[in-house]
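Student: I would like to learn how structural labels are decided. Please take me through some of them here.

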Amino acid sequence: MILSCQNISKAFGDIQILDNVSFHIEDNEKAAIVGINGAGKTTLLRIISGQLEPDQGMAVLSKNKTLGYLAQNNDTDAPLTIYEELMSVKQELIHLESRMRACEENMKSADENSLENLMREYASLTHAFEMKNGYAYKSEITGVLKGLGFCEEEFHKPISQLSGGQKTRVALGRLLLQEPDLIILDEPTNHLDMNSISWLETYLLNYKGAVLIVSHDRYFLDRIATKIIEIDQSRAITFPGSYSDYAVKKEHLRAAALNAYVNQQREIRHQEEVIEKLRSFNREKSIRRAESREKMLNKIERLERPEQTAADMKLTLTPRRPSGKDVLITENLSKAFNGHTLFEEVSFQLKRGEHAAIIGDNGTGKTTLLKILNGLLSPDNGSFRLGTNVEIGYYDQEHHVLHSEKTLFEEISDEYPDLANTEIRNILAAFLFTGDDVFKRIQDLSGGERGRVSLAKLMLSNANFLILDEPTNHLDIMSKEILEDALNSYEGTVLYVSHDRYFINKTAHRILDLTGGRLINYIGNYDYYLEKKETVMAALFPDSPAPSDAPKVSEAKLDWKAKKEEQARIRKKENDLKKCENQISSLEKQLEELQAQMSDPSIGTQAAKLMELAKEQEKINIQLEELYEKWEALAD
């Protein structure tokens with residue numbers, strides 16, 4: 001055992017956050033702490049890391065074991081570059097290496113007696129250097145930085161010039177290189193793109209120490225965690241297994257608790273009715289019996305109603321009117337900023353009812369593309385058009401749709417005056433605003449809280465085409481599940497940008513991968529995309545090295561010849577697709593003619609002729625089947 005948490009309690013004022021929380025972490029175990037926002041997860045991590053004192057109880061780290069903690073925000077302003085900050089972790093190796101070089105220099109001019117001493121010292125130093133993996137430490141630092149999404153051009157950028165998210169990534173890289181026996185991470189995926197999250201998953205899965213994580217990224221938890229510790233109503237419950245295992249067990253336990261609560265409430269009402277009836281008889285015996293029952297009833301330990309879950313709170317999105325079949329048609333969209341091309345000649349279509357997710361690395365232009373489609377930016381080239389009766393509902397990360405002077409309640413009630421007060425409160429509660437929270441002013445909310453209000457407003461709109469930019473940011477798991485259920489039952493069309501792979505898997509029918517300045521289409525959810533990505537990329541870029549070796553270079557950086565070859569390859573694929581469609585059309589026409597002949601009464605009596613036509617029909621059907629398969633492959 002590496003960590004033991006024993007009866008930890010913590011209150012802030014009159015609010016009890018943690019109450020007798022106990023659990024343990026074994027050596028090399030990967031565990032996760034989950035719970036709604038405000039449940040006390042970060043408070044618990046701060047107590048374990050020694051940054052906060054508990055009111056009672058203790059967190060005990062095993063003797064001679066080390067702990068490393070990554071908080072959600074790391075606003076370090078160290079006067080170093082990114083690379084220097086991570087190199088500082090390896091000071092012991094740098095010192096050893098310096099002494100080795102000094103020995104080498106001294107050996108060049110040493111006499112016989114001192115040479116022997118120098119050689120012994122050098123052997124000792126090199127052995128220590130090798131044992132600490134000294135010959136690989138520079139490549140290890142480079143690997144961690146690239147894994148966390150930094151390109152080599154950024155390595156020598158001063159930390160003081162970085163954004164908050166970039167500083168957190170630097171702090172994460174530093175922590176991983178320190179290799180503590182227990183790594184504690186609070187929302188480590190918040191500032192990472194999908195490739196970096198995938199890299200971190202692999203790193204942690206192979207990590208020789210123990211890991212304790214707080215995260216709302218359910219896909220990440222499913223891959224990493226083998227034990228889930230849930231903080232619910234100030235108490236901790238431990239569930240062995242993955243996040244998915246926990247979700248199933250939790251629902252079963254909650255159903256049993258709700259059933260017990262309902263049964264007890266039914267029994268209490270029954271006893272109260274019996275007591276009231278006995279008193280109404282107004283006889284001495286009946287009154288004594290009523291009093292006896294009342295005493296028994298008062299001794300019952302009353303069960304609390306289980307907390308609401310996503311299954312209890314349904315949001316319904318209903319378009320005011322359906323759009324036409326064609327919702328969005330984009331043709332050859334291109335956009336560049338300050339000479340840097342984000343994407344070129346992006347073309348795709350959306351049909352009514354499709355739910356499509358745009359994915360890609362940070363900085364590839366996903367949000368820019370959404371802003372173009374919503375009319376907030378103009379493309380450099382290309383065009384797009386909306387179909388008949390299309391009404392857009394837009395969720396942006398800047399939340400321009402809100403009015404800073406209004407309260408949350410006014411923001412909803414002014415926009416939707418027909419809603420009853422209870423309905424407004426229920427909507428806001430689904431997005432974690434309860435009690436007096438609804439009377440806070442928009443201007444006093446944090447960025448995450450504003451995002452939740454924007455989402456609540458959007459859920460009430462009558463739009464038939466939703467465009468969402470990172471809709472799950474700052475939502476806890478229950479709110480994500482509510483949003484997932486709402487989108488899955490939504491009959492309109494959805495286009496969104498998200499890094500939440502679990503959310504994408506649950507809600508997307510189609511993945512649009514914005515990579516290398518192009519948009520690549522996958523008909524399926526995120527798991528399907530992962531399954532097909534390598535094959536599709538190899539087909540589109542046959543001359544490219546394997547993905548793990550391939551540098552991230554946009555089309556804008558390709559030389560003129562490479563661009564021309566790529567354009568020729570695309571034109572060939574388009575021509576092959578057109579040719580295939582023409583062949584299908586021709587064969588289908590022949591099939592119609594054959595069917596007409598076979599239906600002709602004058603041929604119906606000619607057995608030989610009918611047999612000949614039937615063979616021709618079978619031959620065409622076989623050819624069509626092959627062409628349909630070919631067309632699907634080309635269209636993908």
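Student: Which residue in β13 stands opposite Thr330?

Tutor: It is Phe384 that stands opposite Thr330. Before we go on, a word on the source: this is a predicted model, in which local features need pLDDT of at least 70 and side-chain atom pairs count only at pLDDT 80 or more, while totals for chains, interfaces and linings use all residues. Residues are numbered from 1 along each chain as its sequence is written, and side-chain values use heavy atoms, with hydrogens and water left out.

Student: How do you know that β10 and β13 pair?

Tutor: Strands pair if DSSP finds at least two bridges between them. β10 (residues 326–337) and β13 have 5 bridges, in the antiparallel sense, so they count as paired.

Student: What makes β11 and β13 edge strands?

Tutor: β11 (340–351) and β13 (381–386) each pair on one side only. The open sheet has 3 strands in the order β11-β10-β13, with antiparallel pairing. On average, neighbouring strands in this sheet are turned by 15° against each other, direction ignored. Helix α11 (residues 366–373) lies across β10, β11 and β13, and runs at about 125° to β10.

Student: What is the strand order in the sheet of 6 strands?

Tutor: The order is β5-β6-β7-β3-β8-β9, in an open sheet with mixed pairing. β5 (67–70) and β9 (235–240) are at the edges with a single partner strand each, so one side of each has no neighbour in the sheet. β3 (residues 30–34) and β8 (residues 227–232) pair in the parallel sense over 4 bridges, and Ile228 in β8 is the bridge partner of Ala32. Helix α6 (residues 164–178) packs on this sheet, touching β5 and β6 (182–186), and its direction makes about 170° with that of β5.

Student: Why is α9 called roughly antiparallel to α10?

Tutor: The axes of α9 (residues 243–281) and α10 (residues 284–299) come within 8 Å and cross at roughly 160°. Angles under 35 degrees count as roughly parallel, over 145 as roughly antiparallel, 65 to 115 as roughly perpendicular and the rest as oblique. The crossing therefore makes α9 roughly antiparallel to α10.

Student: Which residues of α9 and α10 make the contact?

Tutor: Contact means heavy atoms within 4.5 Å. Among the residues that make it are Ile268, Ile275 and Phe281 of α9, and Ile287, Ala290 and Leu297 of α10. The contact divides into 8 nonpolar, 2 polar and 6 charged residues. α9 passes α10 in a left-handed crossing.

Student: What makes α12 and α13 oblique to each other?

Tutor: α12 (residues 408–415) and α13 (residues 421–430) pack at an angle of about 120°, with their axes 10 Å apart. That angle belongs to the rest, so α12 and α13 are oblique to each other. The contact is made by Leu408, Phe409, Ile412 and Ser413 of α12 and by Asn421, Ile424, Arg425 and Leu428 of α13. Its residues divide into 5 nonpolar, 2 polar and 1 charged. The crossing of α12 and α13 is right-handed.

Student: How many aromatic pairs are counted, and why is the pair of Tyr526 and Tyr529 called tilted?

Tutor: Rings of Phe, Tyr and Trp (its six-membered ring) pair if their centres lie within 6.5 Å; planes under 30 degrees apart count as stacked, over 60 as edge-to-face and the rest as tilted. By this rule there are 12 aromatic pairs. The ring centres of Tyr526 and Tyr529 are 5.4 Å apart and their planes are at 40°, so the pair is tilted. Tyr526 and Tyr529 are 3 residues apart in helix α17 (residues 526–540), so about one helical turn separates them.

Note on methods: Axes are lines fitted to C-alpha atoms, for helices over the stretch in contact, and angles run from 0 to 180 degrees between N-to-C directions. Helices (H or I, at least four residues) and strands (E, at least two) are DSSP runs, numbered from the N terminus. A crossing is left-handed if the near helix is turned anticlockwise from the far one by less than a right angle, and right-handed if clockwise. Ala, Val, Leu, Ile, Met, Phe, Trp, Tyr, Cys and Pro count as nonpolar, Asp, Glu, Lys and Arg as charged, and the others, Gly among them, as polar.
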